[in-house]
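Thanks for coming, everyone. I'll walk you through one structure today. Please have a look at the screen.

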Amino acid sequence: MTVREALAETERRLAAAGIETPRVDAEWLLAHVLGVSRTDIHTHDEVDITALEPLVERRVRREPLAYVLGEWGFRRLTLKTDHRALVPRPETEIVVERALVLIRDDREPRVLDLGVGSGAIALAIADEHPGARVTGVDTSEDALALARENAEHLGLGVELRRGGVETTAEGWDLVVANPPYVPTEALRRLQPELSWEPRDALVDTGLHEQLVRVARTRWLVVEVSDGQADHVAAAFGNEGYGDIRITEDLTGRERVVEGRRV
Ligand SMILES: C[S@@+](CC[C@H](N)C(=O)[O-])C[C@H]1O[C@@H](n2cnc3c(N)ncnc32)[C@H](O)[C@@H]1O
């Protein structure tokens with residue numbers, strides 16, 4: 001089939017499946033099959049429809065694009081992505097941004113990423129602050145396995161082990177986390193793509209508050225849901241943190257809270 005026809009047909013099917021960005025997704029899928037960047041798909045005339053079809057089918061069933069492609073960009077890295085861990089989100093890049101600012105004058109800061117998932121935050125910090133001694137923990141063995149594959153593939157030295165909130169009490173220069181923050185009752189109302197992601201990565205279990213109480217760290221940086229920042233910032237204040245700051249994401253929503261243990 002010609003690239004032009006395949007693109008139009010894929011866009012039509014994705015739109016019919018209720019996908020909000022059918023054109024962009026169609027371009028990603030074709031680019032993947034052709035082995036080129038999205039902007040270069042028109043340098044090809046034909047596309048192998050037998051290779052494209054299973055990917056389109058998966059996306060029509062609302063499997064996240066990052067799982068269908070098997071990889072996803074996060075800051076300077078390309079991470080392997082699959083059902084074992086949450087798809088890294090753009091707002092989480094702001095968490096890394098703030099973390100890097102806070103440790104920029106430390107040569108070898110001890111950094112803990114609680115709930116490491118695919119390894120996105122931990123690996124990006126190790127990549128962008130080469131002196132940092134980064135540990136990532138998760139309660140999910142599946143997520144840890146994926147994070148290890150990413151660390152190995154990228155050649156980044158990060159310690160990865162099973163652990164929960166108690167690891168934040170070990171004593172760190174920086175604890176960073178993107179804890180699950182979707183209320184159970186909201187899960188069904190949200191995009192169907194979320195049902196493909198691990199439930200333990202999504203459902204709010206009050207980890208933010210536990211973390212604020214238990215962590216022994218100079219700096220704490222956490223991602224929050226839209227509307228949760230004031231509540232979490234107040235918890236920082238109640239625990240005696242100073243230099244509390246809320247940072248917005250690129251769409252102007254308050255998504256990151258940080259503070260310094262005083
Ligand atoms: C929202 S995901 C974040 C994944 C990754 N850090 C990212 O930003 O893409 C939350 C992660 O925390 C893990 N998790 C949930 N509860 C946890 C707990 N009590 N202790 C440690 N990890 C936990 C989940 O398995 C999941 O991998």
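Let's start with one residue. Leaving aside residues up to four places away in sequence, Glu63 touches Arg58, Val68, Glu193 and Trp196. Keep in mind that this is a predicted model.

Where does Glu63 sit in the chain? It lies in a loop, with α3 (49-60) on one side and α4 (65-69) on the other. Is Glu63 buried or exposed? Its relative accessibility is 8%, so Glu63 counts as buried. The cut-off for buried is under 20%.

Now zoom out. The protein chain is divided into two parts: domain 1 covers 3-61, and domain 2 covers 83-261.

On to the ligand. How many residues surround it? There are 18, and the closest are Gly115, Asp138, Thr139, Asn178 and Ala201. By type, the shell around the ligand has eight nonpolar residues, eight polar and two charged.

Next, some distances. Take Gly115: one of its backbone N or O atoms is 2.8 Å from a nitrogen atom of the ligand. For Val116, a polar backbone atom is 3.5 Å from a nitrogen atom of the ligand. Asp138 uses its side chain: a polar atom there lies 2.6 Å from an oxygen atom of the ligand.

How much of the ligand does the protein cover? On its own, the ligand has 600 Å² of accessible area, and the protein covers 92% of that.

That's my tour. Questions are welcome.

Key:
Residues are numbered from 1 along each chain as its sequence is written. This is a predicted model: local features need pLDDT of at least 70, side-chain atom pairs count only at pLDDT 80 or more; totals for chains, interfaces and linings use all residues. Side-chain values use heavy atoms; hydrogens and water are left out. A residue is near a molecule or strand if one of its heavy atoms lies within 4 Å of it. A polar contact is a pair of N or O atoms within 3.5 Å; within protein, one must be able to donate a hydrogen and the other to accept it, and residues adjacent in sequence count only if both atoms are side-chain atoms. Accessible areas come from the Shrake-Rupley method with a 1.4 Å probe; for residues, only the protein chains shown count as cover. Ala, Val, Leu, Ile, Met, Phe, Trp, Tyr, Cys and Pro count as nonpolar, Asp, Glu, Lys and Arg as charged, and the others, Gly among them, as polar. Helices (H or I, at least four residues) and strands (E, at least two) are DSSP runs, numbered from the N terminus. Buried means under 20% relative accessible area, exposed over 50%, partly exposed in between (1.4 Å probe, protein chains only). Contact means heavy atoms within 4.5 Å. Domain bounds come from an automatic or database domain assignment.
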